[in-house]
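Biologist: I would like to learn how to read a few features from coordinates. Could we take them one by one, with a case for each?

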Amino acid sequence: MSSLIEMRQISKLYPNGVLANDRVDFSVERGEIHALVGENGAGKTTLMKILYGMEAPTEGEIWLRGQRVHIRSPIDAIRRGIGMVHQNFMLIPSFTVAQNIVLGREPLDRGLVNYTEALRITEQLSKEYGLKVEADATIDSIPVGMRQRVEILKALHWGAEILILDEPTAVLTPQETRELFTAIRKLTERGKTVIFITHKLREVKEISDRVTVMRNGRVMGTLKTAEASETQIARMMVGREVFMVVDKPPVQRGGVVLQVRDLTHIAETGHVRLRNISFNVYAGEILGVAGVEGNGQTELVEVLAGLRPATFGTAMVDGQSLLNHTPRKVRELGVSHIPEDRLTYGVALDANVAENTVVDRYYRPPFTRNGFLSVGFIMEFGNGLIRQFSIMAPDASVPVRALSGGNMQKVVVAREFSSQPRLLIAAQPTRGIDVGATEFVHQQLIQKRSEGCAILLVSADLNEVMSLSDRIVVMYNGAIVGVFPDAQKVTEEELGAYMLGLKKQDPAEMEAYL
Ligand SMILES: Nc1ncnc2c1ncn2[C@@H]1O[C@H](COP(=O)(O)OP(=O)(O)OP(=O)(O)O)[C@@H](O)[C@H]1O
Ligand SMILES: [Mg+2]
C-alpha cells in the first residue's frame with residue numbers, strides 16, 4: 001500500500017539563491033502523528049508550504065493517496081484535504097471566532113450568512129475535538145492560544161484530513177500544550193493525520209509516532225519515535241553532541257542593580273495586573289520568574305522596559321528611575337530587553353538584518369558620525385553579529401522577512417546581548433529557537449552573568465528557569481507568591497504548587513529573600 005503523502009526529491013531554490021530544500025524525500029502514513037524537526041532555517045516551513053501549495057517546488061514530485069498531484073495553491077491543497085496552521089497566524093482580527101472559522105465556507109440562508117448557524121458549527125466542532133474557543137468573541141480580544149485553536153477548527157471546518165501544525169506549541173502555556181496534545185490524539189483517533197513541527201524534543205517523544213530530522217535543507221532520516229532518544233535526535237539535527245544541561249559557575253553576587261518596590265499596574269480595562277511587586281536583582285545573578293503565563297509576567301517585563309506605564313510603585317536601575325520613560329530612555333539607562341513577542345516588538349520585517357541590529361543605537365557613535373549614519377560600519381557590525389550568533393542569512397543586507405522564524409529571533413537576541421547592558425530582561429529568550437541555538441543563548445546568559453550583568457529571566461519553560469536561575473520567584477495572579485533563594489534546592493512539583501496558586505508564602509517572611 002502506498003503512503004498517504006509522498007514528497008519525492010523535492011528541491012526549493014528561492015529567488016535570492018537560498019536552497020531551502022535539497023532533494024527531500026518525506027512520507028507520511030494515514031493516521032500518524034509525524035514530527036518534523038531541525039535547526040532554524042533547516043527548511044521545515046518551506047517543505048510544508050510546498051505541500052500546502054503556498055510555494056512551488058523547483059523540482060520534485062508530490063504523491064497523495066497514491067496519485068501524482070500538482071498542488072497549485074492553498075485553496076487547491078484544502079480541496080485535497082490538507083490544512084495548515086502557520087507560525088504566524090492568518091486570521092482577521094476584527095471578525096469573531098465563528099466568522100473566521102466559516103470564512104469562505106459560510107452557511108447561507110437565502111443568500112445571506114447565517115451567523116446563528118456559524119456559531120452552532122463552531123460550538124459543535126469545538127466540543128467534538130475538545131478545542132475550547134469563545135465563538136462570539138473577536139480575534140483581537142482573545143489570547144494567542146485560543147487564536148491557534150481557531151485556526152485548527154477552521155482547517156477542520158474546511159474538511160482537512162491532513163493537518164500541518166508549524167510550531168504550534170511555541171506560543172502555548174504548558175497547560176494549553178497538554179490540551180492541544182489531547183486534541184491531536186482525538187484527531188488521529190478519527191483517522192486524521194497530523195504533521196507537527198517543533199523544537200522541543202520532549203514534545204516529539206510525547207506526541208509523535210515517527211520523526212523526520214532535517215538539516216541544511218536535507219532530510220537526515222526518519223525514525224520511529226519510540227526507538228530514538230532525545231540526545232540521538234538532537235545529534236542528528238545539529239551534527240554534533242548537544243549539551244542539554246547548563247554548566248554554570250557558582251554565583252558571584254555584587255550590588256543591587258534593579259530595585260523594584262510596590263510596583264503596581266492597572267490595565268486600561270481596570271484589571272489589576274501587578275500587585276505591589278517588590279524585589280531586587282543583583283549584579284552577577286540570574287533571577288528567574290516562574291509562573292503560568294498570564295499571571296503578570298508579561299506586564300512586569302513591559303512596565304520595566306518602558307512599554308507600559310506603572311500605576312504606582314518604583315523601579316530603579318543603579319539608583320535611577322526606570323518608570324514611565326520611553327523605551328529609548330530605558331535603554332540609555334543600561335537596560336536590554338529580549339521581548340517575548342519578537343515579531344511585534346523585536347524586529348522590523350522589511351528592514352535588513354544590519355538595520356535591525358542597531359535600531360537601539362544607530363543615533364550614537366560609532367554608528368552615526370558627525371550627524372551622518374555610518375552605513376558601512378553598520379553593515380560590518382551586522383555581519384559580525386551574523387557570524388558570532390550563527391544567524392543563517394547570506395549577509396546583513398537581506399531583509400529580516402526572508403529569514404526563518406528562529407533566525408529572526410536570533411537577530412533580536414544578538415542585538416540585545418551585544419549592547420553591554422547593566423540589566424538584561426530576557427522574556428522567553430529561547431522560544432522558537434533550535435536546540436543548538438538554545439544551548440548558545442544559555443551560555444551567553446551565563447557569560448553575561450559572569451561579567452556582572454544583572455539578569456531577569458522570564459520563561460514559561462520551567463526547566464529553563466530551574467537550570468539557569470540563581471534565585472526564583474513565582475508569580476500568581478499579579479503578585480509574587482513565593483521566593484526560592486537557592487534555585488538548586490527547589491523541585492518542579494514545589495514550583496508547580498505555587499504556580500497554580502495552591503501554595504503561598506507569608507509576605508513578611510519573603511521580604512528578606514526578595
Ligand atoms: N520567502 C523567502 N525568501 C527567501 N528565502 C527564504 C524565504 N523563506 C525562507 N527562506 C530561507 O530558506 C531557508 C529555510 O527556511 P525555513 O523557514 O523553511 O526554515 P525552518 O526550518 O522553518 O526554520 P525555523 O525553525 O527557524 O522556523 C532559510 O535559510 C530561510 O532564510
Ligand atoms: Mg519555520
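Biologist: Is Glu117 buried, partly exposed or exposed, and why?

Modeller: This is a predicted model. Buried means under 20% relative accessible area and exposed means over 50%, with partly exposed in between. Glu117 has 24% relative accessibility, so the residue counts as partly exposed. Arg120, at 43%, is partly exposed because its value falls in that range too.

Biologist: Which side chains meet in a salt bridge here, and at what N to O distance?

Modeller: The side chains of Glu117 and Arg120 form one, at 2.8 Å from N to O.

Biologist: Where do Arg120 and Glu117 lie, and how many residues apart?

Modeller: An α-helix has 3.6 residues a turn, so residues three or four places apart point the same way. Both Arg120 and Glu117 belong to helix 4, residues 115-129, and are 3 residues apart, about one turn of the helix.

Biologist: What span should helix 4 have, and what is the distance between its end C-alpha atoms?

Modeller: With 15 residues at 1.5 Å a residue, helix 4 should span 21 Å, and its end C-alpha atoms are 21 Å apart, which agrees.

Biologist: Which residues of helix 4 are buried?

Modeller: Ala118, Ile121, Thr122, Leu125, Ser126 and Tyr129 are buried. Around the axis they cover an arc of only 125°, so they sit on the same side of helix 4. The face turned away from that buried side carries Thr116 and Lys127, which are exposed. Cover for the buried residues of helix 4 includes helix 3 (97-102), helix 5 and helix 6.

Biologist: Which salt bridge involves Glu176?

Modeller: The side chain of Glu176 meets that of Arg149, at 3.8 Å from N to O. Glu176 is in helix 6 (residues 174-189) and Arg149 in helix 5 (residues 144-157), so the pair ties together parts 27 residues apart in sequence. Both Glu176 and Arg149 are buried.

Biologist: Which residues are joined into one network by salt bridges that share partners?

Modeller: Arg331, Asp360, Arg361, Arg415 and Glu416 are joined in this way. A search of the whole structure finds 31 salt bridges.

Biologist: Are Asp76 and Arg80 buried or exposed, or in between?

Modeller: Asp76 counts as buried because its relative accessibility is 6%. Arg80 has a relative accessible area of 25%, so this residue is partly exposed. Their side chains meet in a salt bridge of 3.4 Å, N to O.

Biologist: How many residues has helix 13, and which of them are buried?

Modeller: Helix 13 (residues 375-388) has 14 residues, and its first and last C-alpha atoms are 20 Å apart, close to the 20 Å expected at 1.5 Å a residue. Ile378, Phe381, Gly382, Leu385 and Ile386 are its buried residues. Seen down the axis, they fall within an arc of 140°, so they line one face of helix 13. On the other side, Glu380 and Arg387 are exposed. Helix 12 (353-358), strand 20 and helix 14 (405-417) are among the elements covering the buried residues of helix 13.

Biologist: What follows helix 13?

Modeller: Ser390 follows helix 13, with a positive phi near 45°.

Biologist: Which residues form a nonpolar patch on the surface?

Modeller: Tyr362, Leu373 and Val375 do, with about 280 Å² of accessible area together. Leu373 is found in strand 20 (residues 372-373). Its relative accessibility is 48%, so Leu373 counts as partly exposed.

Methods
Residues are numbered from 1 along each chain as its sequence is written. Chains are lettered from A and ligands numbered from 1 in the order in which they are written. This is a predicted model: local features need pLDDT of at least 70, side-chain atom pairs count only at pLDDT 80 or more; totals for chains, interfaces and linings use all residues. Side-chain values use heavy atoms; hydrogens and water are left out. Patches are made of residues with over 30% relative accessible area and no salt bridge: like charges are joined within 9 Å, nonpolar side chains (Val, Leu, Ile, Met, Phe, Trp, Tyr) within 5 Å. Accessible areas come from the Shrake-Rupley method with a 1.4 Å probe; for residues, only the protein chains shown count as cover. A salt bridge is a side-chain nitrogen of Lys or Arg within 4 Å of a carboxyl oxygen of Asp or Glu. Helices (H or I, at least four residues) and strands (E, at least two) are DSSP runs, numbered from the N terminus. Buried means under 20% relative accessible area, exposed over 50%, partly exposed in between (1.4 Å probe, protein chains only). The expected span of a helix is 1.5 Å times one less than its number of residues. The arc is that of the directions from the helix axis to the C-beta atoms. Contact means heavy atoms within 4.5 Å.
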